[in-house]
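Load the model in your viewer and keep the selection panel open. The tour below goes stop by stop.

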There are 2 protein chains.
Amino acid sequence: MLSTEGILATLTENGGRETASRRLIAQAVAGRSAAFTAQEIYEELAPRGVGRATVFRTLNLLHERGLLNRLHIGEGCHSYTLCEPQHHHHLVCVRCGCVYPFGTPGDCTVVADVQRLAVRVGFVVEGHHVEVFGRCAECLST
Amino acid sequence: MLSTEGILATLTENGGRETASRRLIAQAVAGRSAAFTAQEIYEELAPRGVGRATVFRTLNLLHERGLLNRLHIGEGCHSYTLCEPQHHHHLVCVRCGCVYPFGTPGDCTVVADVQRLAVRVGFVVEGHHVEVFGRCAECLST
DNA sequence: GGCCGAATTGAGACTCATTCTCAAAAGAAT
DNA sequence: ATTCTTTTGAGAATGAGTCTCAATTCGGCC
């Protein structure tokens, strides 16, 4: 599902079109294991004629459809991680950006924890955002 | 500790100086219960001669010292919440920005959950970021 | 294969938050 | 009061992201 084809399939559902630019973006995104920024994708594809706006538009689309997770770690806002669309969180290395998913759908302890408070104050929880950051084994040894 | 004086005390520790602008910013920040942006503080204080750069510098300083939490909810990145410097998380209303803190220091289930995975892959956790968003009772009824 | 309407595109202008620069002003220490 | 350092504000600069719009490209249909 996270292959280039899978990403394209997501883009073309609901009558979307498969275009040359989208194919290139899907490839670029699928070929990354670590977190990446829109800028990086743009720089990689600009020589092949893909415009900045198109990169942002396409990444936003993938984010809306749940294939891309937005991270807020470190200084620069907004890096992305390709991921399965089910609910989960990420352990992200602040140095190399590599990502380990954790947490299983339907068993999110974060929500369970806060639900008591929410009920008490009459708050309706719509969602949450969790990021755990640190250093991966490889970055620790370098 | 979250009074104007407490905020100023934090700013002046380590040889920092207490200035007119910082006093105004401390007051403005202390007087807010909901989340706010740097822009809002700037607009409030610009007529009194506080510069934009100073607002950003001071809010960053308070963030570094742990008195201000950065939120990433909704569209616009970077709103702030004044908070006790101990570890905890926030339940934030996406409509009015009001904030309920939750979680107690030393008992963060988020870390506990992910620690097993971290150990297994040799990852050293440095910190995490949690945000739960939704709608508060008041916003639901309006 | 060629035609058509709709979706998509890229270039570049634009916005807006944030940072930088730097000379002037204001604290603190003496 | 003097001096040294920190802080300041104005405005320029940066940089991510968005918008506009005419030109291009898709994909279905004949």
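## Stop 1: two helices in chain A

Select helix 2 (residues 20-30) and helix 3 (residues 38-45) of chain A: they pack at an angle of about 120°, with their axes 10 Å apart. Axes here are lines fitted to C-alpha atoms, for helices over the stretch in contact, and angles run from 0 to 180 degrees between N-to-C directions. Helices (H or I, at least four residues) and strands (E, at least two) are DSSP runs, numbered from the N terminus.

Helix 2 of chain A and helix 3 of chain A are therefore oblique to each other. The cut-offs: under 35 degrees is roughly parallel, over 145 roughly antiparallel, 65 to 115 roughly perpendicular, and the rest oblique. Helix 2 of chain A passes helix 3 of chain A in a right-handed crossing. A crossing is right-handed if the near helix is turned clockwise from the far one by less than a right angle, and left-handed if anticlockwise.

Now show side chains. From helix 2 of chain A, A:Leu24, A:Ile25, A:Ala28 and A:Val29 meet A:Ile41, A:Glu44 and A:Leu45 of helix 3 of chain A. Contact means heavy atoms within 4.5 Å. This contact has 6 nonpolar residues, no polar ones and 1 charged. Ala, Val, Leu, Ile, Met, Phe, Trp, Tyr, Cys and Pro count as nonpolar, Asp, Glu, Lys and Arg as charged, and the others, Gly among them, as polar.

A note on the ground rules: this is a predicted model, where local features need pLDDT of at least 70, side-chain atom pairs count only at pLDDT 80 or more, and totals for chains, interfaces and linings use all residues. Residues are numbered from 1 along each chain as its sequence is written, chains are lettered from A and ligands numbered from 1 in the order in which they are written, and side-chain values use heavy atoms, with hydrogens and water left out.

## Stop 2: step back to helix 1

Helix 1 of chain A brings A:Thr4, A:Ile7, A:Leu8 and A:Leu11 to the contact, while helix 2 of chain A brings A:Arg22, A:Arg23, A:Ala26, A:Gln27, A:Val29 and A:Ala30. By class, that makes 6 nonpolar, 2 polar and 2 charged residues.

Zoom out to the whole of chain A. It has 6 helices and 5 strands. From the N terminus, the order is α-α-α-α-β-β-β-β-α-β-α. The C-alpha trace of chain A spans about 55 × 45 × 25 Å along its principal axes.

## Stop 3: chain B

Select helix 2 and helix 3 of chain B. Their axes come within 10 Å and cross at roughly 120°. The crossing is right-handed. B:Leu24, B:Ile25, B:Ala28 and B:Val29 of helix 2 of chain B make the contact with B:Ile41, B:Glu44 and B:Leu45 of helix 3 of chain B. Its residues divide into 6 nonpolar, no polar and 1 charged.

## Stop 4: DNA strand C

Of the DNA strand C atoms within 4 Å of the protein, 58% belong to sugar or phosphate and the rest to bases.

- A:Thr19: a polar side-chain atom is 2.9 Å from a phosphate oxygen of DNA strand C.
- A:Arg57: a side-chain N or O atom is 2.9 Å from a base nitrogen of DNA strand C.
- B:Arg17: a side-chain N or O atom is 3.1 Å from a base nitrogen of DNA strand C.

Helix 4 of chain B gives the largest share of this surface, 5 residues.

## Stop 5: DNA strand D

Switch to DNA strand D. 21 residues surround it; the closest are A:Arg17, B:Arg17, B:Ser21, B:Gly49 and B:Thr54. Sugar or phosphate accounts for 64% of the DNA strand D atoms within 4 Å of the protein.

- B:Arg17: a polar side-chain atom lies 2.8 Å from a base oxygen of DNA strand D.
- B:Arg22: a polar side-chain atom lies 3.2 Å from a phosphate oxygen of DNA strand D.
- B:Thr54: a side-chain N or O atom is 2.2 Å from a phosphate oxygen of DNA strand D.

Finish on helix 4 of chain A, which gives the most to the surface near DNA strand D, with 5 residues.

Notes. Near = heavy atom within 4 Å. Polar contact = N/O pair within 3.5 Å; in protein donor to acceptor, adjacent residues only side chain to side chain.
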